[in-house]
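Biologist: Hi! Could you walk me through this model, starting with its salt bridges?
Modeller: Happy to, here it is.

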Amino acid sequence: MWTDRPLVRDAGAAVLTGVAAAVVLRFWEEVANRALLDQKLCRKLVHISVGLVYFLMWPLFSSEDMYAPFLAPLILIVNIVKVTVIGLSVVKDEGVVNSMTRHGDHRELLKGPLYYACAITLTTMVFWRTSPISIAVICNLCAGDVTLSKTKKKPGLERKGKVVAEIKDAVEQYSSAYVFTYDNMRNQKLKDLREQLKSSSRIFLAGKKVMQIALGRSPADEAKTGLHKLSKFLQGDSGLFFTNLPRDDVERLFQEFEEHDFARTGSTATETVELKEGPLEQFTHEMEPFLRKQGLPVRLNKGVVELVADHVVCEEGRPLSPEAAQTLRLLGLQMATFRLYLVCRWSCDDFEVYSEGLARIRAEDSS
């Protein structure tokens, strides 16, 4: 094809394979950073597309199969090192984490994504294309991520029944229950809070009707006296918090809970951000093409990224475009705050409504 020397041809093919795989990975990282697709779906598409691209590049390698089995998986070996150092928090890369994990936890990279790359690398080196085993394994790894995810999920009724049973158990186990609502949900932050409170409390985020059935919708079917009163407050973005903590501790916890994060596409800007004409010294010259893609009027001036005119990134009160959300992330400006608000509280001898949380529930329903 390019040359009769197998080593040179295989080395060239390995470079092309690496470039193709890197382009595909970079594409999905951008999709994940802009939150254009569900994170779990993005992870599946990464596995499918990267494996397919890798497999389709095999015909470029020489027919002698002496060097190819060891040169072809070089990009995978690089990826193994990459996900390992990011998974161990040696290096931070939000794009990789968002595109390759289900819940945005960097530690997940040390599981599925690492096993995936190691399995394909080992299969390539041992079997290469001289055995149908390699083709079968790679196809199974690519398609299997989808099929396994589907088969692991329990049927809807069984899942709902399990949640109902767990909520009923919580009613018996904990002394009080609260309905809460939230702004700017961040799954990993909520997971951390659950872990922090697991010795004294339990948090449920499920379908409104499922939680209402578990609590009871009327005095006739409520799990405990007065518990049905919580059901009517399960509206919009709401959940249940069961606990043995004193009321004052719970109120303090919810009042003080505040986690800042980068705003996502579609979020409302909390302030107007305008960049003034002049050098943008926080960005390296390699960033100039990417900044232009985000709509910034920039150019390189003696190796320094320079804004040639004033530029409004976002305006207060208006939804963030994908480009604005990405630019704010690059600037390190966090406009989203994950907050929790109590709506109401139930105990065996008391029921209380919190005005702030109730107002937020009603505002959400009216919007």
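Modeller: There are 15 salt bridges here, counting a side-chain nitrogen of Lys or Arg within 4 Å of a carboxyl oxygen of Asp or Glu. Keep in mind that this is a predicted model, where local features need pLDDT of at least 70, side-chain atom pairs count only at pLDDT 80 or more, and totals for chains, interfaces and linings use all residues. Residues are numbered from 1 along each chain as its sequence is written, and side-chain values use heavy atoms, with hydrogens and water left out.

Biologist: Which residue meets Arg 360 in a salt bridge?
Modeller: That is Asp 183, with 3.0 Å from N to O. The pair links distant parts of the chain, 177 residues apart: Arg 360 is in helix α15 (residues 355–366) and Asp 183 is in strand β1 (residues 176–183). Helices (H or I, at least four residues) and strands (E, at least two) are DSSP runs, numbered from the N terminus.

Biologist: How exposed is Arg 360?
Modeller: Arg 360 is partly exposed, at 32% relative accessibility. Asp 183 is partly exposed too, at 24%. The cut-offs are under 20% relative accessible area for buried, over 50% for exposed, and partly exposed in between, using a 1.4 Å probe and protein chains only.

Biologist: And what does Lys 189 form a salt bridge with?
Modeller: Its partner is Glu 259, and the closest N and O atoms are 3.8 Å apart. Lys 189 belongs to helix α9 (residues 187–197) and Glu 259 to strand β4 (residues 259–261), so this pair ties together parts 70 residues apart in sequence. Lys 189 is partly exposed at 29% relative accessibility, and Glu 259 is partly exposed with a relative accessible area of 29%.

Biologist: Is Lys 276 buried or exposed?
Modeller: Lys 276 is exposed, with a relative accessible area of 52%. Its side chain meets that of Glu 274 in a salt bridge (3.7 Å, N to O), and Glu 274 is partly exposed at 38%.

Biologist: Which residues are linked in a network of salt bridges?
Modeller: The network links Arg 247, Glu 251, Arg 345, Asp 350 and Glu 352.

Biologist: Let's go back to α9. Which of its residues are buried?
Modeller: Gln 188, Leu 190, Leu 193 and Leu 197 are the buried residues of α9. Their cover includes β2 (201–204), β3 (238–243), α12 (247–256) and β10 (336–347).

Biologist: New topic: where is Asn 79 found?
Modeller: Asn 79 sits in helix α4 (residues 74–87). It is buried, with a relative accessible area of 13%. Leaving out residues up to four places away in sequence, Asn 79 touches Leu 25, Met 100 and Ala 117, where a contact means heavy atoms within 4.5 Å.

Biologist: What about Ile 86, buried or exposed?
Modeller: Ile 86 is buried, at 4% relative accessible area, and helix α4 is where you find it. Not counting residues up to four places away in sequence, Ile 86 touches Val 91, Asp 93, Val 96, Val 97, His 106 and Leu 109. The C-alpha atoms of Ile 86 and Val 97 are separated by 8.0 Å, and these residues are eleven apart along the chain.

Biologist: Zooming out, how many helices and strands are in the chain?
Modeller: The chain has 15 helices and eleven strands. Its radius of gyration is 26 Å, well over the 21 Å that the globule rule gives for 367 residues, so the chain is more spread out than a compact globule. That radius is taken over C-alpha atoms, and the globule rule is 2.2 Å times the number of residues to the power 0.38.

Biologist: What does the C-alpha trace span along its principal axes?
Modeller: About 85 × 55 × 30 Å.

Biologist: How much of the chain do buried residues make up?
Modeller: Buried residues make up 43% of the 367 residues. As for contacts between residues at least 6 apart in sequence, 74% join residues at least 24 apart.
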